[in-house]
Amino acid sequence: MPRTGRRLNDDFLLEEIRRVAAQPDVSPLTCIKFAQLSGRASVSVVRMRFGSWKKALAKAGVVHLYSGLPAAEKMKTARGKDLSSSDLIEEMRRIHAVVGSPRLRSPDFNRHSTIATSLAIRSRFGTWVKALKVAGLLPVREKAPRLPTKEEAFENLIAVWIYLGRLPEREDLSAPPSTITAEFYELQWGSCRQALRKLNAWVHAVHYRDTLEPSSDLSRTAKRIGRERWLFGPRLQFQVAQRDGFRCAACGRGPATHPGTRLTMHQLKPVVGASLPPTSHLQTLCEDCKLS
Ligand SMILES: [Zn+2]
């Protein structure tokens, strides 16, 4: 019996629906989406031929892509709703292996699964993503490392500068005691040189109280300094070290001339009755001199 034109056309239309249905991100397959994706068959012809859009999808075997159903009725079309959760998970893993893409998407699942639909998965696990999580198919995204703040970046430069007793070079930032890479400074300020220039401005922009209250009682001063943490902060330490030429005020040694020398900040006994800037109460000492 020769094939009639009409028969051929039905097959062609159904084949075209299946072809469009197999494309990624097609669920739900509305007639508008079909019209955009097909270009070979018109929606009105499909509707006329099969009675309705839903019937056409059903005839093509892709009714699970139909979106026009009320939720309750939709569930009935969810193949696999009678399967156990572990069966559904197994099916997801199987199809994930078949598809081979890093993340299993529901259209891919619907295209490849013969026993369940993404609708059944969703109604079982709440959302597609939750199901992926249960199936162990959701890659655990590693938290991006927290970037240093501007203050931390500057304090790192100060630590390196005092440690070396000289202006740090780019290479110095890739070795201890630096904890922040040169790349970070380049990203933030364009170059390490530029970062060092900004550091200088940052150090000297700090507004310390002009004077420390003169006091003969060192412990009271220490308490006061403890209360005002900024007083012993890296910026003040840098100001003092810079003033002292990054050398020990007692023996004159510094890391630049005597590698291995560690510089620390030392508090002097405040001069009674004097009104002096906070740096005047502080001096740079090497560890040896500070201990002796
Ligand atoms: Zn010394």
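Modeller: The largest nonpolar core holds 22 residues, and those with the most contacts inside it are Leu157, Ile158, Ile162, Ala241 and Leu263. Such a core is a set of buried Ala, Val, Leu, Ile, Met, Phe, Trp, Tyr and Cys residues joined through C-beta atoms within 7 Å. A residue is buried if 20 or more other C-beta atoms lie within 10 Å of its own, exposed if 12 or fewer, and partly exposed in between, with C-beta atoms placed from the backbone. This is a predicted model, in which local features need pLDDT of at least 70, side-chain atom pairs count only at pLDDT 80 or more, and totals for chains, interfaces and linings use all residues. Residues are numbered from 1 along each chain as its sequence is written.

Two or more core residues come from each of α10 (150-164), α12 (192-205), α14 (234-243) and β2 (282-286); helices (H or I, at least four residues) and strands (E, at least two) are DSSP runs, numbered from the N terminus. Helix α10 gives the largest share, seven residues. Domain 3 (150-205) and domain 4 (218-291) each supply at least three residues to this core, the domain bounds coming from an automatic or database domain assignment.

Leaving aside neighbours within four places in sequence, Ile158 is in contact with Pro234 and Phe238, contact being C-beta atoms, placed from the backbone, within 7 Å. In α14, the buried residues are Arg235, Gln237, Phe238, Val240 and Ala241. Their cover includes α10, α12, β1 (263-267) and β2. Just after α14, Gly245 takes a positive phi of about 70 degrees.

Key. Contact = placed C-beta atoms within 7 Å.
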